[in-house]
Amino acid sequence: MEDFLYFFTFQDPSITWVVLGIMLLGIGSAYVGTFSFLDKKALLGDAISHAVLPGICLGFVLAGEKDPRYIVTGAFLSGALATFLSSWLKQHTKLSEDSITASILSVFFGIGIVALTAIQKSGNPEVAGLNSFIFGNAIGIAEADLFLYGGLSMAILLVLSLFLKEFRLMVFDPGFGKAIGFPMKGIRFVFNVLLILAVVIGIQAIGVVLMAALLITPGAAARFWTDRLQPLLLLAAFFSILSGILGTYVSFVLPQMPTGPWVVVFLSLIALLSFIFSPKSGIIRRFLARRNYLRKTHKDHLMKALFKAKEAHKERLTLEEIHALYPFHKKEITHSLQELTTQGLVLQDSQGIRLSTQGNSDAMRIVRLHRLWELYLNESMNIAPDHVHESAEQMEHLLTPELEAQLEQRLNYPTLDPHQETIPRDTP
Amino acid sequence: MTFDSNAFLIIFTGALIAISCGFLGVFLLLRKMSMTGDAISHAVLPGIVIGFFVSGSQRSLEVILGAGLLGILSTLMIDALRKKAKVQLDASIGITFTLLFAIGIILINLFAYKVDLDQECVLYGEIAYLPIDLWITSSGLNLGPRITWLAGVNFFLILGFTYFLFKELSITSFDEQFSSAIGIPSKGINLALMSMVSYTTVSSFESVGAILVVALLVVPPSTAYLWTKSLIPLLRLTATLGILIAILGYYLAYWIDSSIAGMMVAVAGAFFFGSALIKGNWPLGLRGTSKSSPAFDS
Amino acid sequence: MITQVTNPILEVHDLTVSYDQQPVLWNVDLSLPAGQLIGTLGPNGAGKSTLIKSIMGLIPPTSGYIKIFNKALQEVRTRISYVPQRESVDWNFPASVLDVVVMGTYGKLGLFRRPGKKEVQIAQEALEQVGMTAFVTRQISELSGGQQQRVFIARALAQQADLYLMDEPFAGVDMATETAIFQLLQDMARTGKTVLVVHHDIHSAMNFFEWVIMLNLHLVASGPKDQVMTEELLRKTYGGKLNLLTQVTDLIRKQDFNPLKS
């Protein structure tokens with residue numbers, strides 16, 4: 001508990017720097033990555049994070065030390081080359097996109113490893129920091145670096161916000177963009193630059209392999225909540241920040257734990273929770289919706305049973321008779337009857353259960369819908385009378401008043417259904 | 001150059017691994033699942049760690065089983081993300097492998113007292129140590145490098161897999177709907193393929209590391225695909241490339257004094273890009289005359 | 001105008017099929033006779049392809065069932081042949097025409113067994129039937145659309161089945177090839193095979209099919225060609241959207257789950 005307070009009140013400046021760093025990294029990657037995700041090129045970011053390694057080594061060699069300007073430039077050149085080769089291969093060979101991505105990824109990374117081992121052998125004491133590029137070392141972000149990388153992150157965010165509509169065109173309708181005169185190739189180029197920058201910044205904290213998570217998972221998680229671009233981006237950034245803080249907290253409390261993997265775990269957890277709980281496509285919502293639907297259909301069936309009894313001139317049904325109609329459903333029957341009574345659709349007295357006036361009208365509607373639908377299937381779609389019942393059993397709970405009106409019109413206000421039963425209507 | 005038995009062993013083992021990966025990689029390529037193969041080679045990490053933890057050794061059956069199970073798990077996870085959560089394929093792959101790899105790293109740290117797994121070793125292995133890592137039986141018999149034996153077993157397993165399931169692999173790669181329609185178990189074949197990929201990754205990571213495994217899975221088949229038009233020549237050319245990569249990789253690394261695995265990747269890359277340049281579709285003015293065109297009658 | 005058949009080779013019973021939680025076929029009841037060339041017509045999105053895929057077990061039914069040779073699909077798979085739509089495959093796959101046609105024999109071979117001389121011969125005979133013998137060693141990436149279609153049909157022939165289901169085998173094919181293939185299919189029907197074809201052209205349908213099924217989200221008609229291809233029924237099939245049904249379909253799609261699932 002003490003740890004928790006200490007951490008979250010940011011009393012330790014180094015913690016503050018790390019958290020700030022992770023946040024900036026996270027926002028930039030979440031923004032850029034979400035666009036890649038929407039563009040269905042999510043793994044391009046993964047390829048680039050592997051492909052920048054040779055450039056990073058080159059930058060290191062030229063600078064003689066871990067000078068961020070050289071490193072970033074080198075990484076950038078390497079990433080740009082990889083991106084260029086990817087599109088060249090796509091245009092000029094019959095190779096599929098996934099094999100191009102995987103080939104570029106592994107070849108560049110392999111060459112990077114060759115360079116890295118060569119550098120490590122050279123005995124340059126600065127070398128230790130280079131390893132953090134592969135495995136990531138969030139805690140090791142130096143204050144000075146933070147300004148540069150923070151600045152770059154802000155630059156990324158700025159450009160993305162300024163050119164939001166151009167990037168939106170690039171992802172959703174490049175053909176249209178070209179038609180109305182936007183320089184789509186240039187826009188794509190700028191986007192790739194931003195992607196490479198985000199990757200270069202991000203892999204220092206989280207490492208090459210896990211970088212893809214910073215790009216893809218926030219957007220994927222946010223996607224469960226909204227369809228609109230701006231809320232999507234903001235939510236993705238929020239998830240990224242949240243995971244960054246939580247991940248840093250874990251490695252603060254458990255010092256032997258590296259930060260990066262925990263950030264990924266929290267991101268994935270958020271994605272999982274989004275999938276389960278989001279109203280848009282959540283499992284919980286579907287589960288609840290199904291449960292409510294089943295309850296409604298059960299109540300509807302009870303009312304139908306009462307109505308049909310009335311058609312056979314039985315004003316009431318006793319509880320035993322209802323139980324006999326639906327064996328094995330005692331609990332549901334009790335529950336439904338309770339709800340129906342509360343809703344005023346059904347009245348219970350010593351002699352049995354009967355429909356109220358409102359209940360009668362509602363029940364009549366359900367029966368009417370059932371028979372109308374049966375007639376529709378039979379007349380308009382030539383479906384045999386003995387095959388229309390099941391479909392009608394389902395549709396009677398769903399058909400809206402507008403559809404009901406259209407059915408009536410279509411069938412010309414019929415009196416009988418395919419089984420020669422009357423189609424009941426309220427007398428005017 | 002005098003015959004250097006160490007060099008031979010290293011090249012031989014490298015070639016075995018290259019051919020094994022190449023054969024699996026051909027089918028990954030044809031099914032457009034190259035990135036899935038890459039993902040699986042990362043995703044097996046937790047399986048390796050758990051296997052190590054359970055058995056106390058990095059060279060145990062438990063490690064291999066753990067990896068195999070994780071290969072299946074990641075395939076199922078990617079599938080579940082796609083079908084149930086309706087996430088697009090590339091994102092499903094990305095989310096799955098990063099999560100599993102992250103869990104693997106966390107487990108390594110958690111079990112550090114018992115699991116002495118060097119992260120760097122997992123990634124790039126060191127095949128140069130192969131000749132001194134010998135398999136000596138309890139009776140003192142020197143059977144040669146342990147890793148060569150592992151690679152050999154792997155090789156024969158994959159050879160058998162490819163040979164016996166050749167028609168199932170090719171038909172499910174070409175036309176999945178038709179295969180399902182005529183009763184070929186497409187899902188089962190897919191899972192089997194992915195298990196083989198996980199198994200190969202884990203039995204090769206000690207020598208060549210996960211990076212080279214991925215490169216060998218993807219790059220030689222892509223290179224060969226540019227040259228051939230039939231499946232069996234594709235497999236043969238991939239195997240040939242594998243052998244060349246092993247030989248050239250070794251000698252170049254020796255010459256420059258660098259990591260053998262790294263040089264093998266570089267050689268593979270050189271073959272790949274070279275082939276793309278030669279075989280690529282140049283604009284009409286620069287094109288050669290060797291490309292055949294579709295017949296015009298129908 | 002739905003004619004039912006006693007001892008049908010294919011029986012579809014009260015079949016409803018949904019695609020992406022949208023009902024595409026409503027309560028289809030039909031039975032088909034053996035040994036005839038049968039065409040399935042209907043506008044785009046009418047459910048023709050869905051019907052074939054349901055019969056082949058590629059799409060599970062929302063309700064209802066299908067019986068083939070009076071048995072479930074699993075028991076009679078080796079007696080049924082399937083020609084999927086041409087776009088369902090990447091034609092850059094490294095295979096020759098012969099390779100692809102031999103694949104038709106795989107169903108009967110079983111796991112682990114390799115195709116041998118007998119299978120190659122079956123494939124070559126099939127290629128001869130579609131007039132592609134000259135192309136035996138040609139790479140499939142070098143074929144024209146019509147040739148690709150013929151290769152797919154040859155593969156189906158190599159299955160040596162009793163019932164053939166073909167999904168748009170004439171898409172993108174020129175007139176001469178279409179006539180040639182139709183004649184082949186008629187020969188097959190004459191030898192007692194049953195051929196069910198999803199087709200898009202009314203005119204050629206009138207010339208070649210013996211039995212016609214007409215779909216428009218539901219079964220409009222099924223029976224001998226002359227009785228079914230009347231102006232009235234054609235209008236019912238092609239004459240525009242079923243407004244009410246489309247609205248109902250939309251309603252179902254918007255639910256959180258498919259209420260029609262039994």
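Predicted model: local features only at pLDDT ≥ 70, side-chain atom pairs only at ≥ 80, totals over all residues.
Reader: Helix 11 of chain B, is that mostly covered or mostly open?
Author: Mostly covered: 18 of its 19 residues are buried. Buried means that 20 or more other C-beta atoms lie within 10 Å of a residue's own; with 12 or fewer a residue is exposed, in between it is partly exposed, and the C-beta atoms are placed from the backbone. Helices here are DSSP runs of H or I with at least four residues, strands are E runs of at least two, and both are numbered from the N terminus.

Reader: How many residues go into the contact of chain B with chain A?
Author: Chain B puts in 49 residues and chain A 44 residues. Two residues are in contact if their C-beta atoms, placed from the backbone, lie within 7 Å. On the chain B side, helices 2, 5, 6, 11 and 13 each supply at least two residues.

Reader: Which helix gives the most?
Author: Helix 5 of chain B, with 13 residues. By class, that side of chain B has 30 nonpolar, 14 polar and five charged residues. Nonpolar covers Ala, Val, Leu, Ile, Met, Phe, Trp, Tyr, Cys and Pro, charged covers Asp, Glu, Lys and Arg, and the others, Gly among them, are polar.

Reader: New topic: what's in chain C?
Author: Chain C has 11 helices and nine strands. Its radius of gyration is 19 Å, close to the 18 Å from the globule rule for 262 residues, so chain C is as compact as a globular protein of that length. The radius is taken over C-alpha atoms, and the rule is 2.2 Å times the number of residues to the power 0.38. Of the 262 residues of chain C, 47% count as buried.

Reader: Why is helix 1 of chain C called largely enclosed?
Author: Because eight of its eight residues, 48-55, are buried. Among them are Lys48(C), Leu51(C) and Ile55(C). Just after helix 1 of chain C, Gly57(C) takes a positive phi of about 80 degrees.

Reader: Where does Asn92(C) sit?
Author: In the loop between strand 5 and helix 3 of chain C. Asn92(C) is partly exposed, with 15 other C-beta atoms within 10 Å. Leaving out residues up to four places away in sequence, Asn92(C) touches Lys94(A) and Ser141(C).

Reader: What about His200(C), where's that?
Author: His200(C) is in the loop between strand 7 and helix 8 of chain C. His200(C) counts as partly exposed, with 16 C-beta neighbours inside 10 Å. His200(C) and Asn44(C) are 156 residues apart in sequence, yet 8.7 Å apart C-alpha to C-alpha.

Notes
Residues numbered from 1 in each chain as written. Chains lettered and ligands numbered in written order.
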